[in-house]
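Subject: Structure handover

Hi,

Here is the structure I promised you. Please open it and keep it on screen while you read.

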Amino acid sequence: MTDDGGELAFSAKYDQTHSEAYFQKHRQGFWRKLSNNRESEIARLALQAAGNPASILDLPCGAGRFWQTIAASGATELTAADASEAMLEVARTSQPEALVSRFKFLQTSAFDIKLPDNSVDCIFCMRLIHHIGEPHDRLRLLQEFHRVARDTICISLWVDGNYQAWRRKRLEAKRVRKGYQNRFVIPAETIEHEFATTGFKVRHRLDMTPFISMWRVYVLEKIVLDKSVPEK
Ligand SMILES: C[S@@+](CC[C@H](N)C(=O)[O-])C[C@H]1O[C@@H](n2cnc3c(N)ncnc32)[C@H](O)[C@@H]1O
């Protein structure tokens with residue numbers, strides 16, 4: 001939820017403590033490590049489907065969880081960006097020096113990216129849009145991605161049509177909601193319609209575990225919208 005042009009409520013939580021905890025989170029325990037490895041493999045396949053772009057903007061980069069995969073894809077111009085300065089600092093100081101030195105850094109909101117139009121081949125956006133429950137906020141984000149990316153977007157989110165989404169829906173129906181909700185399952189039909197509305201064509205869908213997991217990575221191709229044709 002945003003106010004007029006403002007930020008998401010969840011964005012404010014990534015202070016120093018939370019950022020350090022996020023770095024540790026994906027390294028702890030057998031199942032976490034397994035799912036982290038699978039997510040990295042899906043990311044590798046997504047970048048391959050995107051044509052292994054030469055310039056990649058990792059937004060939000062978080063603690064740099066995908067930097068190894070991104071750097072190994074053959075890309076030569078790498079930018080890591082996040083809204084949280086604390087998160088960027090944790091990433092810079094926790095990841096290996098040789099990897100960090102391959103990236104430029106940018107503290108920016110994904111809703112108002114501090115880069116010119118068409119400045120990167122690909123925006124790599126993992127685990128952000130499932131925090132955005134309002135359609136108009138997702139459209140704003142996707143429009144900004146359309147402005148900055150020249151060619152493709154790799155974007156992960158929670159979709160329906162699988163066991164986890166079915167189970168979550170049942171649990172949420174029982175739960176008495178306290179405060180705000182900060183993660184959402186977005187029906188595949190809805191998000192694909194939003195992609196099309198903002199000028200993206202789905203090139204590829206990669207499911208973390210087909211029919212079981214809610215996580216899906218979409219590889220989107222930018223299409224140039226013809227603004228001279230009036231909308232029906
Ligand atoms: C769940 S983490 C995902 C990080 C990374 N992509 C990953 O998968 O490990 C969400 C990240 O989004 C960042 N973030 C939150 N709101 C943002 C915004 N409006 N623009 C850019 N980054 C944002 C947070 O600081 C945090 O690093």
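Below are my notes on the ligand site and then on the aromatic rings.

Keep in mind that this is a predicted model.

The ligand

Start with the pocket. The ligand takes up the space of the largest pocket. Around the ligand there are 23 residues. Those that come nearest are Glu7, Ser11, Pro60, Arg65 and Asp82. What is the make-up of this shell? It divides into 13 nonpolar, six polar and four charged residues.

Pro60 uses a polar backbone atom, which is 2.6 Å from a nitrogen atom of the ligand. Arg65 uses its side chain: a polar atom there lies 2.7 Å from an oxygen atom of the ligand. How much of the ligand does the protein cover? On its own, the ligand has 600 Å² of accessible area, and the protein covers 99% of that.

The aromatic rings

Two values describe a pair of aromatic rings: the distance of the centres and the angle of the planes. The whole structure holds eight aromatic pairs. One of them joins Tyr14 and Tyr22. This pair is edge-to-face, with 6.3 Å from centre to centre and 85° between the planes. Are these two tyrosines buried or exposed? Tyr14 has a relative accessible area of 16%, so it counts as buried, the cut-off being under 20%. Tyr22 is also at 16%, so it is buried too.

Phe195 and Tyr218 form another edge-to-face pair.

Best wishes

Key. Residues are numbered from 1 along each chain as its sequence is written. This is a predicted model: local features need pLDDT of at least 70, side-chain atom pairs count only at pLDDT 80 or more; totals for chains, interfaces and linings use all residues. Side-chain values use heavy atoms; hydrogens and water are left out. A residue is near a molecule or strand if one of its heavy atoms lies within 4 Å of it. A polar contact is a pair of N or O atoms within 3.5 Å; within protein, one must be able to donate a hydrogen and the other to accept it, and residues adjacent in sequence count only if both atoms are side-chain atoms. Accessible areas come from the Shrake-Rupley method with a 1.4 Å probe; for residues, only the protein chains shown count as cover. On a 1 Å grid over the protein atoms alone, a cavity is a set of points where a 1.4 Å probe fits but cannot get out, and a pocket is an open set with protein on both sides within 12 Å along at least five of seven lines; lining residues have an atom within 4 Å of a point. A molecule sits in a cavity or pocket if more than half of its atoms lie within 2 Å of its grid points. Ala, Val, Leu, Ile, Met, Phe, Trp, Tyr, Cys and Pro count as nonpolar, Asp, Glu, Lys and Arg as charged, and the others, Gly among them, as polar. Rings of Phe, Tyr and Trp (its six-membered ring) pair if their centres lie within 6.5 Å; planes under 30 degrees apart count as stacked, over 60 as edge-to-face and the rest as tilted. Buried means under 20% relative accessible area, exposed over 50%, partly exposed in between (1.4 Å probe, protein chains only).
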